[in-house]
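Please consider the sequence and structure shown below. The paragraphs that follow lead through selected features.

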Amino acid sequence: MALLNKKKRPDPEIPGSSLADIAFLLLIFFLVTTTINVDTGIGLTLPPIPDENVEPPPIKERNLLNILVNAQGLVLLDETPSSITEVKQKVKDFITNCEPGNPCVENLSEDPTDAIISIKTDRQTPYNIYINMLDEVIGAYNELRDEKARALYGVPFSALEETSEQYQSIAKDVYPKKISIAEPDEGNS
Amino acid sequence: MAHFKKKSANTKQDVPTSAMPDVVFMLLIFFMVTTVLREVELKVQIDYTQAENIEKIEQKRLVSYIYIGPERLGPTEVGESKVQIDDAIVEDINAIRTIMYDKLMEQPRLIVSLRVDRDSDFGLITDVTQELRHAGTLRINYSTKREI
């Protein structure tokens, strides 16, 4: 019979062996174009431009910790030269001065909520020196907040939700971050 | 005569490769999902500084970037420190105020991420932050890498 003699048709098939090659090609393309984003950083809120008609509130000299950084990266902490590694401890001492359990030292802040850290640099100060400085100050605050959170709630500060009452009470009422970035000096170089 | 038969294992020696496309596809999909294609062409060179106490910006939609660093002149040469917003270098520092103000109108909860080269002078950055204060964009973020 004619029907039986008919040639057997090859199975219709898409060649799949090159699939891996295509996938590899795409993979390599994405590997090359990928940039791992650095979306981490130090967050700050700038103060608004002060109203000219309103007098700035008076600040007691002792509640202000002046940090001066010059273009060479040398640090002056309230008139005393110090190294960048000491800054964190000194900032902590300054903030926690007069807290229960700590003796009240003159010239240091009256209360953590009143303490203001002022950072001033030269115009020529390299950015990374400034960031190191800011990092130390924020580190001091983070450590204090962490200690407080552990003492009050038994959890590290980072474990608290940002919207929770505990977080807000520590961040606002116990250790508010008051960092002032002063206008830099013209410097001389 | 004694006939010695060579001993050989009966199992196949091939590594099964049929699953390879699947593995590759999986990697491919991973990279496709994590990839953020470069949105802007950087005209300034930025070498990020490092810090320990950093936070992540969770809401990427809110972020607008300002790049500050030495201008790229050739493959290796760099020039003066310049400020770049979006795709263009801003020559006039005072123009930042209007640019950022317009952005703030579009997105009231704007976060400005400052991506600054580690060796830039801080004076220039203050000029920029002053402009940001005038524009009213007060939430900023100094982009840094995690210190290892």
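Is B:Asn53 buried or exposed? In this predicted model, B:Asn53 has a relative accessible area of 19%, and it counts as buried because the cut-off is under 20%. The residue sits in the loop that runs between strands E1 (50–51) and E2 (55–56) of chain B. Apart from neighbours within four places in sequence, B:Asn53 is in contact with residues of chain A, including A:Asp135, A:Ile138 and A:Asn142.

A salt bridge also spans the two chains. B:Asp127 pairs with A:Arg123, with 2.7 Å between the closest N and O atoms. Because B:Asp127 belongs to helix H3 (residues 122–135) of chain B and A:Arg123 to the loop between strand E5 (116–121) and H4 of chain A, this pair joins two chains. Both partners are partly exposed, B:Asp127 at 27% relative accessibility and A:Arg123 at 21%.

Over all chains, 9 salt bridges are found. Within chain A, A:Lys92 and A:Glu143 form one at 2.6 Å, N to O. This pair links distant parts of the chain, helix H3 (residues 87–96) and helix H4, 51 residues apart. A:Lys92 is buried at 11% relative accessible area, whereas A:Glu143 is partly exposed at 30%. A further salt bridge, at 3.3 Å, N to O, connects A:Arg150 and A:Asp146. Through shared partners, salt bridges join A:Lys88, A:Lys92, A:Glu143 and A:Glu147 into one network.

In helix H5 (residues 165–174) of chain A, the buried residues are A:Tyr167, A:Ile170, A:Ala171 and A:Val174. Viewed down the axis of H5(A), they fall within an arc of 125° and therefore line one face of the helix. On the other side of H5(A), A:Glu165, A:Lys172 and A:Asp173 are exposed. Helix H4 (127–153) of chain A is included in what covers the buried residues of H5(A).

Notes:
Residues are numbered from 1 along each chain as its sequence is written. Chains are lettered from A and ligands numbered from 1 in the order in which they are written. This is a predicted model: local features need pLDDT of at least 70, side-chain atom pairs count only at pLDDT 80 or more; totals for chains, interfaces and linings use all residues. Side-chain values use heavy atoms; hydrogens and water are left out. Buried means under 20% relative accessible area, exposed over 50%, partly exposed in between (1.4 Å probe, protein chains only). Helices (H or I, at least four residues) and strands (E, at least two) are DSSP runs, numbered from the N terminus. The arc is that of the directions from the helix axis to the C-beta atoms. Contact means heavy atoms within 4.5 Å. A salt bridge is a side-chain nitrogen of Lys or Arg within 4 Å of a carboxyl oxygen of Asp or Glu.
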